[in-house]
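Subject: Structure for you to look at

Hi there,

Here is the structure I promised to pass on. Please open it next to this message and read along.

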Amino acid sequence: MNKYILYPGCSMESSGKAYGESINMILEPLDIQFDEIDDWNCCGATEYLGINLIPAYSLIARNLALASKQMNPDDGTGGTRTVVAPCSACYLNLAKADYYMQERPSLGVKVNEALEAGGLSYIPGTLDVRHLIDVLVHDVGVDAIRNAVVRPLTGLRVAPYMGCMLPRPDYQHRWTDHEHPTELDDLLRALGADVIDYPLTTECCGGHMTQIGPETAFELIMRLVEDADERGAHLMATVCPMCQMNIDAYQNEMNHFFGTHYHMPILFFTQLMGLAFGKKPGEVGIGTELVSARNALAHIGVEVPVTQEPAAPKKKNEGLPMPRRWTKQEGKEAVK
Amino acid sequence: MPQMTDERVRARLTREEDLSLLHEVSMKTAGVSHLEMCIQCGTCGGSCPSAMDMEHTPRMLFAMLRAGMRDEVLRSNTPWLCVSCYHCVVRCPQEVHIADVMYTLKSMAIHAKLYSDSTAPHFSQTFVDMIETFGRSFEFGLASRHYLRHFPLRLPGMLPMGFGMITKGRMAIIPKKIKHMDQLTAILERANQLELTS
């Protein structure tokens with residue numbers, strides 16, 4: 001039994017709901033127990049840090065302080081001083097606060113002074129902050145995961161997408177490489193999936209640029225989707241709700257922007273684990289993605305029940321002609 | 001490319017080397033920034049996925065910091081385009097905490113009101129407002145407030161997406177609030193006082 005303290009993060013209840021649901025489905029087959037931090041708050045994402053330093057770190061540290069109350073060092077396994085965050089941005093913020101409060105003790109003193117106003121305190125280094133895939137690959141182990149597979153994903157071509165905030169900056173040196181880590185590949189291979197070479201695995205999805213500078217974000221999303229498509233991936237697997245949101249929810253707008261027609265579904269790696277462990281698609285939140293994975297999953301014989309697609313407001317095609325990015329094929333023909 | 005402004009000429013020609021700006025930024029950055037150690041190799045700019053949209057590459061920005069060009073640095077769009085991907089951070093031979101320096105520069109630009117495009121600062125502030133009210137992020141409130149203010153023309157194109165997010169249960173219309181909001185408010189109030197005195 002592996003026990004951990006869980007920091008779910010805001011997106012687990014909203015945009016990344018499928019992530020939360022599928023995580024719950026893989027706990028029992030892998031004999032994992034999560035103890036959620038009581039009354040946790042938002043980690044501030046990448047926004048609070050750019051406004052005020054001490055409040056931003058105090059916001060993060062409240063979670064660490066609450067988590068440290070829930071740890072149980074007498075357990076013997078040492079597992080309960082580990083906080084697991086499934087979201088890469090939450091993971092990085094928690095890990096960063098813990099690390100910087102040690103690297104610069106004056107920050108730790110000030111943050112603790114702020115925490116005191118709420119009757120809390122946190123000694124940096126008390127907890128071990130780790131990402132979900134880190135504990136799955138390094139604690140539970142790829143072999144145990146392979147043993148739990150009852151429906152191998154044979155024939156499903158998956159692009160393993162790690163994103164940026166997980167393997168970098170990597171304060172505790174947990175990954176095989178900062179730019180081409182292989183942990184996600186190993187895990188997906190254990191599920192029986194056909195893992196493609198995906199050199200862009202740790203390139204950025206655009207982060208919050210979809211909200212503040214869409215052109216920059218679309219360019220980044222395009223690179224990822226285009227490369228996965230050219231390499232013949234049926235779908236992408238991600239470890240982060242923000243990556244999932246950007247590539248899934250903004251793919252349509254990105255296609256519109258460039259005049260392309262990509263259809264690249266992106267699922268959480270835990271959804272694929274759930275499927276391989278024999279769970280039904282609905283149990284692991286499949287069907288909530290906006291770029292449907294139905295056709296991709298047909299390759300492994302998983303039938304996703306057809307849900308009534310909401311009738312999206314139709315847009316009339318009578319605007320002014322807009323410049324359109326050529327497809328590869330058109331480009332080649334033009335050169336001829 | 002930035003112009004050779006008076007400030008820039010003054011900074012170069014008539015002043016003794018003044019590192020106060022560099023030190024100020026370094027001191028305001030979480031952790032030990034290593035900013036003083038930059039050797040101007042340019043690995044950061046070469047690794048940056050949004051460098052092409054930046055007015056100054058990170059390397060150039062750090063040179064400007066060293067030259068004391070406060071206004072130009074704080075007006076630069078560079079920190080606002082940083083996507084926090086940490087490519088530059090792991091590649092930097094001097095281990096400069098580049099992404100964290102960018103956060104510091106954003107916060108300094110907000111305090112000095114020296115940003116040229118308000119989209120990003122407003123987004124950050126709206127996000128923080130949600131947290132300070134509910135203790136959790138509230139995507140629906142954030143998105144609707146932000147898009148109405150900055151991208152009203154983008155809204156029609158985004159309707160299908162927003163519609164899909166809501167009908168698929170991925171975006172709640174009612175915010176969630178933490179139990180001990182009073183505790184979080186007390187912590188943040190104290191933290192804001194400490195921020196002013198530090």
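First, some housekeeping. This is a predicted model, in which local features need pLDDT of at least 70 and side-chain atom pairs count only at pLDDT 80 or more, while totals for chains, interfaces and linings use all residues. Residues are numbered from 1 along each chain as its sequence is written, and chains are lettered from A and ligands numbered from 1 in the order in which they are written.

Chain B on its own

Chain B has twelve helices and zero strands; helices (H or I, at least four residues) and strands (E, at least two) are DSSP runs, numbered from the N terminus. Its C-alpha trace spans about 60 × 40 × 30 Å along the principal axes. Two residues are in contact if their C-beta atoms, placed from the backbone, lie within 7 Å. Taking the contacts in chain B between residues at least 6 apart in sequence, 64% join residues at least 24 apart.

Chain B is split into domain 1 (6–112) and domain 2 (119–197), with bounds from an automatic or database domain assignment. The C-alpha centres of these two domains of chain B are 29 Å apart.

Where the chains meet

In the interface, 59 residues of chain A are in contact with 62 residues of chain B. On the chain A side, the elements giving two or more residues include helix H2 (53–70), helix H3 (88–103) and helix H8 (214–230). H2(A) gives the largest share, seven residues. By class, this side of chain A has 28 nonpolar, 19 polar and twelve charged residues. Here Ala, Val, Leu, Ile, Met, Phe, Trp, Tyr, Cys and Pro count as nonpolar, Asp, Glu, Lys and Arg as charged, and the others, Gly among them, as polar.

The axes of H4 (residues 105–116) of chain A and H12 (residues 181–197) of chain B come within 7 Å and cross at roughly 140°. That angle makes H4(A) oblique to H12(B); under 35 degrees counts as roughly parallel, over 145 as roughly antiparallel, 65 to 115 as roughly perpendicular and the rest as oblique. A:Lys110, A:Glu113, A:Ala114 and A:Leu115 meet B:Ile187, B:Arg190, B:Ala191 and B:Leu194 there.

Two spots in chain A

Within chain A, the axes of H5 (residues 132–148) and H6 (residues 183–190) come within 10 Å and cross at roughly 30°, so H5(A) and H6(A) are roughly parallel to each other. Their contact includes A:Leu136 and A:Ile145 of H5(A) and A:Leu184 and A:Leu187 of H6(A). In total it has eight nonpolar, no polar and three charged residues.

Lastly, is A:Asp38 buried or exposed? A:Asp38 counts as exposed because it has 12 C-beta neighbours inside 10 Å. A:Asp38 lies in the loop between strand S2 (32–36) and H2 of chain A. Apart from neighbours within four places in sequence, A:Asp38 is in contact with A:Leu66 and A:Gln70.

Best wishes

Note on methods: Axes are lines fitted to C-alpha atoms, for helices over the stretch in contact, and angles run from 0 to 180 degrees between N-to-C directions. A residue is buried if 20 or more other C-beta atoms lie within 10 Å of its own, exposed if 12 or fewer, and partly exposed in between; C-beta atoms are placed from the backbone.
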